[in-house]
Amino acid sequence: MGYTITEKILLKHTKTKEVRPGEFLNVKIDLCLGNDITAPFAIEEFEKLGLKKVFDKKKVVLVPDHFAPAKDMKSANQCKILANFAKKYGVKNYFEVGRMGIEHALLPEMGLVLPGDLVIGADSHTCTYGALGAVSVGIGSTDLAAAFVTGECWLKTPESMKFIFFGKLNKWVGGKDLILHTIGDIGVDGALYKAMEFCGETIENLSMDDRLAMCNMAIEAGGKSGIIAPDQITLRYVKSIKNPSAGSGFYPAKSRAKRGERSRGIKNKPRRGMGKFYSSDKDAKYSAMKEYDAKKIEPLVAVPSLPSNVKPVKALKDVWIDQVVIGSCTNGRISDLRVAAKILRGKKIKSNIRLIVIPATQKIYLEAVREGLAKIFVEAGGVFSTPTCGPCLGGHMGILAEGEKAISTTNRNFIGRMGHPGSGVYLANPAIAAASAVKGKIAHPEEVI
Amino acid sequence: MPYKGRAHKFGDDINTDDIIAARYLNTTDRAELARHCMEHVDKNFIKKVKPGDIIVAGKNFGCGSSREHAPIAIKTSGVSCVIAASFARIFFRNSVNIGLPIVESTEPSKRIRKGDLVRVNTKLGIIRNLTRKESYRIEKYPTFMHRIINAGGLMNYLKKRIK
């Protein structure tokens, strides 16, 4: 019996000779991640053990991104716990405000996750890195604390579900719409405990940013992970990180490469080459297979209060909104900002609307400034923010009042997700979000361009 | 150890924002987290809940974020056990890791009504509904998980291992 890509990567990280769905494994991890919400609990638990060091200083990543730049004193204390811990234990990959970004955009960009890796993160959207052909799963704070100690994690080998997309994407349709379509089809627990493997010609032609957006939302279908077999697009992406001209060269040397290397001018060297490219065997076993015709997928919106409440944007008439958010670990990457800017160029947003654009990392921020995108957003009447998860989880930087509605490129629209329990969030791709800002109501990009 | 208490009923897809909204996550103070437990779905939950009480929910309980604050808020509120038709996986493992007993089973999730007095025995694999005089069989934990729960959570389990 053949193995899926997920099973192969798990097998590579465990001592056992074979893996079967449903079995518990103790796996060695390549990287573990925590943020300003989840890491403080992990650090508290870790410190109770009184150990002198973490399992590997290079394999722990701490990113204060949720309530950072600190929104209040309590959040400042949480962020400080991370900074102090990083200092005390010599954690190499701690990213302070000014160098940080939204973790799931930052880590791939920094070359910290490579194809074939096994990554755990105390954040549910850790599944994002599956886009690189890594097994990447969300875990909790105690798991993270245990990983700090052992570099290991207990996991159940998941069954895999195969999602085959064929046909060419329609205009204004991206990875976000493909995943919303999938979640709309199978429901918010449709892939519970399962690895969601995305494949087919549509995926093979999909950009890395779109792949990251897709895998990011695997969790919204209950998935343990999302994964796409690495290919030429993956290779190009991984290579681009190695290439300083790609624009990611201004982080402090210690976070990427050894100081000596930087001073000698060798920047951005990935940790371990290009990673390892795995793919599923032809006779690998899947618990379910789904086929979707991309030509039939239109720009979509998930209406409150579940990501599975998916409707074509054209079906939503006169949904007036108060706020538009373009950003997050789902759609805060440069190609997302480019699409939004394309729609907003030379236009003004509706006068009663707030538009909040949040590039996911400092690199993306700078690219957006260089390309003139930031200017477009500001001239349109929007704000252009420093990277933060902020409004996505109702943290800060754009909280909704009672009765308000927002269209957002984020990933969750649960009750009160962005603020007051009586507010509502509509999830969509950046093109729809930008068009809606112009119209003042949820709109198809065609209506404004 | 059996867990006994009154049932608090919730529906399907209770997410982690329902259990504890993100705006309260800027602290690790357990008592403070518990004060906002289930606030989005039942404002008065924390006033009603008594030590030992049991949460009974539908499918996909705890979906959404990875925040361990969710099972911590539930445990600190006094709830002794959560029964649901199914759990979101990160919530499931977080509960195991912090030693909050959880039971995944459809029958009790459907049969138990609000206010029923319920006794859960995970060791024997049985739930008694003392109000309705019914019993439901439940699956025992897998050995691997039983070890963690018996140790009182993952860190205690780990402590024994590294000693």
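Visitor: How many helices and strands does the secondary structure of chain A come to?
Guide: This is a predicted model, in which local features need pLDDT of at least 70, side-chain atom pairs count only at pLDDT 80 or more, and totals for chains, interfaces and linings use all residues. Residues are numbered from 1 along each chain as its sequence is written, while chains are lettered from A and ligands numbered from 1 in the order in which they are written. Helices (H or I, at least four residues) and strands (E, at least two) are DSSP runs, numbered from the N terminus. On that basis, chain A contains 16 helices and 18 strands.

Visitor: What radius of gyration does chain A have?
Guide: The C-alpha trace of chain A spans about 55 × 50 × 45 Å along its principal axes. The radius of gyration is taken over C-alpha atoms, and the globule rule is 2.2 Å times the number of residues to the power 0.38. For 449 residues, a compact globule would have a value near 22 Å, and chain A agrees with 21 Å.

Visitor: What percentage of the residues in chain A are buried?
Guide: A residue is buried if 20 or more other C-beta atoms, placed from the backbone, lie within 10 Å of its own, exposed if 12 or fewer, and partly exposed in between. Of the 449 residues in chain A, the buried share is 60%.

Visitor: What distance separates the centres of domain 1 and domain 2 of chain A?
Guide: An automatic or database domain assignment supplies the bounds, and chain A is divided into domain 1 (5-263) and domain 2 (300-447). Taken over C-alpha atoms, their centres are separated by 24 Å.

Visitor: Which element gives the most to the side of domain 1 of chain A that touches domain 2 of chain A?
Guide: With contact defined by C-beta atoms, placed from the backbone, within 7 Å, 36 residues of domain 1 of chain A and 33 residues of domain 2 of chain A take part. The domain 1 side has 14 nonpolar, 13 polar and nine charged residues. Two or more residues come from each of α4 (103-109), α6 (175-186) and α8 (208-216) of chain A. With six residues, the element that gives the most is α6(A).

Visitor: Which residue is the bridge partner of Gln323(A) in β17(A)?
Guide: Gln323(A) belongs to strand β14 (residues 323-326) of chain A, where Gln323(A) and Val325(A) on one side and Val324(A) and Ile326(A) on the other are all buried. β14(A) pairs in the parallel sense with strand β15 (residues 354-357) of chain A over four bridges, and Gln323(A) stands opposite Arg354(A) there. Three bridges also join β14(A) to strand β17 (residues 405-408) of chain A, again running parallel. In β17(A), the partner of Gln323(A) is Ala406(A).

Visitor: Which element gives the most to the side of chain A that touches chain B?
Guide: Here 43 residues of chain A are in contact with 36 residues of chain B. The chain A side divides into 20 nonpolar, twelve polar and eleven charged residues. At least two residues each come from α2 (39-48), α3 (73-89) and α5 (141-150) of chain A. The most, six residues, come from α5(A).

Visitor: Does Ile126(B) count as buried, exposed or partly exposed, and which is it?
Guide: Ile126(B) is found in strand β6 (residues 126-129) of chain B. Beyond its neighbours within four places in sequence, Ile126(B) is in contact with Asn121(B), Ser135(B), Arg137(B) and Ile138(B). Because Ile126(B) has 16 C-beta neighbours inside 10 Å, it counts as partly exposed.

Methods:
Two residues are in contact if their C-beta atoms, placed from the backbone, lie within 7 Å. Ala, Val, Leu, Ile, Met, Phe, Trp, Tyr, Cys and Pro count as nonpolar, Asp, Glu, Lys and Arg as charged, and the others, Gly among them, as polar. Two strands pair if DSSP finds at least two bridges between them.
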